[in-house]
Amino acid sequence: MDFQVEIEKLDYHHYLPLFFDGLCEMQFPYEFFARQGIHDMLEHGGNKILPVIPQLIIPIKNALNLRNRQVICITLKVLQHLVVSADMVGEALVPYYRQILPILNIFKNKNGE
């Protein structure tokens, strides 16, 4: 049996936060599947992404709180993709800056160490 579904038809409220939870994974293949799932869904999500933003904050915060350099770099790349994935996503993240930015502040001076 073949159970393939087009990405556009997936339930973004269910699957996108699930993949974002995988940002904390550091073991192959789990970290790969999480990242690939995120990027694929952001690439094809369009207007389905914006309503899910509030559900993504805790997984993003959890990933950053690991304070693992590799996880932080991956999470920042995911955030970059998230912001350009649909209209108004960047603006939708503004109310959550207080939860996300303090962890980044800790690492801002560690670039190049």
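The second largest pocket is lined by Leu-76, Leu-79, Gln-80, Val-83, Leu-93, Tyr-97, Ile-100, Leu-101 and Leu-104. Helices here are DSSP runs of H or I with at least four residues, strands are E runs of at least two, and both are numbered from the N terminus. By class, the lining of the second largest pocket has eight nonpolar residues, one polar and no charged. Nonpolar covers Ala, Val, Leu, Ile, Met, Phe, Trp, Tyr, Cys and Pro; charged covers Asp, Glu, Lys and Arg; the others, Gly among them, are polar. The space in this pocket comes to about 150 Å³.

On terms: the grid is 1 Å over the protein atoms alone; a cavity is a set of points where a 1.4 Å probe fits but cannot get out, a pocket is an open set with protein on both sides within 12 Å along at least five of seven lines, and lining residues have an atom within 4 Å of a point. Points join across faces, edges and corners, and a volume is the space filled by probe spheres set on them.

A caveat on the source: this is a predicted model, local features need pLDDT of at least 70, side-chain atom pairs count only at pLDDT 80 or more, and totals for chains, interfaces and linings use all residues. Residues are numbered from 1 along each chain as its sequence is written, and side-chain values use heavy atoms, with hydrogens and water left out.

Now the cavity. How many cavities of 30 Å³ or more does the structure hold? One, and the largest cavity has about 40 Å³ of space. Its lining is Gly-22, Leu-23, Glu-25, Glu-31, Ala-34, Arg-35, Val-71 and Ile-74. α2 (30–45) and α4 (69–85) each supply at least two of the lining residues, and α2 gives the most, with three. This lining splits into four nonpolar, one polar and three charged residues.

Last, the whole chain. The protein chain has six helices and zero strands. Buried residues, meaning under 20% relative accessible area with a 1.4 Å probe and protein chains only, make up 35% of the 113.

Key: Buried means under 20% relative accessible area, exposed over 50%, partly exposed in between (1.4 Å probe, protein chains only).
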